[in-house]
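Please open the model in your viewer and keep the sequence panel at hand.

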Amino acid sequence: MTAAPRARVQRRPVHGVVLLDKPIGLSSNQALQKVKWLLRAEKAGHTGTLDPLATGVLPLCFGAATKFSQLHLDADKGYTAVLRLGATTSTGDLEGDLTSSVAVDRAALTPELLQAVAARFTGPISQLPPMYSALKKDGKALYEYARAGIEVEREPRSVTIRELSLRLLPETDAGRVELELQVLCSKGTYVRTLAEDIGQALGCGAHLSALRRTRTGEFELSHCISIEAIEALPDSERLGVLLPVETLLARHERVTLDEHNSGRFLSGMRRRGPWADCAQVAVYADHPAALLGTAQVEAGELIPGRLLSPIEIQHILESHS
């Protein structure tokens, strides 16, 4: 008996942001495609990847919002992680093969020692990107080389650890010794590498056994929604989970233009006005009230950056009416 053909999803223009609490086991792209399908959206992208074993804040951008996703690739990130001490793996996390194992003295892991180690890794630090990462060399991701058993030379990268704390977790039934790590860090920080380096500093080795992103930029876990919660909504209500496109521009200065100047700005023309110099500006029309795009101000000139198209603006206005 042949299976019935799967019904074709009727796509639609969708513009906005979904703050997803990514579940464990899905890649960032798999999570994106799932939500894109649930919203029947035409165009989507995410703002930086989370490993399948990681959970937490993953902003998903739809339609016009994809034009501003780069802004959140550069945002600071917050994580809570669990470090398993006394064991190292080939990947720095639970997915890899065990490469070393030593006994760990819990009594030696005093709050004073953990505070001193955390202080060593706070501020600007240098990290060697792990072989099991998506960083590319000669057009291939490092993990592709690693899976083929090839180790390639990598350049250390400078990152900034803004806040870091370590706490000894209660003993597990299996007798494992684990630390909770809380960190706020700059873009490009590898928490797996941080875990391994902390394990090395403690003299016993470590790997990551859990990772949860708690924030990216101003977006926090409390703002997020799960895939299951979106699935539970009727199709007619799912677009209600979208935040406006301008959510991505919360830190931008706001400039509002009249109808005459709005049209010219949208066609890529510079506008003159009494504005102070500013590198990040969100530009709006006053009538009808609508986001037009981003710009920068130099010497009283508003210089267009990423612009919405007239059709995108029309779709957004129609969705709010």
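The stops below cover a cavity, several salt bridges, a nonpolar core and a pocket.

The model is predicted: local features need pLDDT of at least 70, side-chain atom pairs count only at pLDDT 80 or more, and totals for chains, interfaces and linings use all residues. Residues are numbered from 1 along each chain as its sequence is written, and side-chain values use heavy atoms, with hydrogens and water left out.

**Stop 1: the cavity**

Select Asp 51, Leu 53, Ala 54, Asp 93, Leu 94, Arg 192, Leu 208, Ser 209, Ala 210 and Leu 211, which line the largest cavity. On a 1 Å grid over the protein atoms alone, a cavity is a set of points where a 1.4 Å probe fits but cannot get out, and lining residues have an atom within 4 Å of a point. The structure holds one cavity of 30 Å³ or more, and the volume of the largest cavity is about 90 Å³; a volume is the space filled by probe spheres set on the points, which are joined across faces, edges and corners. Strand β12 (residues 206–216) contributes the most to this lining, with four residues; strands (E, at least two residues) and helices (H or I, at least four) are DSSP runs, numbered from the N terminus. Domain 1 (16–74 + 219–245) and domain 2 (77–216) each supply at least three residues of the lining, with domain bounds coming from an automatic or database domain assignment.

**Stop 2: salt bridges**

Keep Arg 192 and Asp 51 selected. These two form a salt bridge, with the closest N and O atoms 3.8 Å apart; the term requires a side-chain nitrogen of Lys or Arg within 4 Å of a carboxyl oxygen of Asp or Glu. Arg 192 belongs to helix α5 (residues 191–201) and Asp 51 to the loop between β2 (44–46) and β3 (54–62), so the pair ties together parts that are 141 residues apart in sequence. Arg 192 is buried at 9% relative accessibility, whereas Asp 51 is partly exposed at 34%. Buried means under 20% relative accessible area, exposed over 50%, and partly exposed in between (1.4 Å probe, protein chains only).

Next select Glu 178 and Arg 84, whose side chains meet in a salt bridge (3.0 Å, N to O). Glu 178 is in strand β11 (residues 178–185) and Arg 84 in strand β4 (residues 77–85), so this pair ties together parts 94 residues apart in sequence. Both Glu 178 and Arg 84 are buried.

By this rule the count comes to eleven salt bridges.

**Stop 3: the nonpolar core**

Select Phe 62, Leu 164, Leu 181, Leu 194, Ile 198 and Leu 202, the residues with the most contacts inside the largest nonpolar core, which has 46 residues. Helix α1 (residues 28–39) gives the most to this core, with five residues. Domain 1 and domain 2 both give residues to the core, so it lies between them. A nonpolar core is a set of buried Ala, Val, Leu, Ile, Met, Phe, Trp, Tyr and Cys residues joined through side-chain atoms within 4.5 Å.

**Stop 4: the second largest pocket**

Finally, select His 15, His 315, Ile 316, Ser 319 and His 320, which lie nearest the centre of the second largest pocket among its 24 lining residues. A pocket is an open set of grid points with protein on both sides within 12 Å along at least five of seven lines. This pocket holds about 490 Å³ of space. Helix α8 (310–320) provides the largest share of its lining, six residues.
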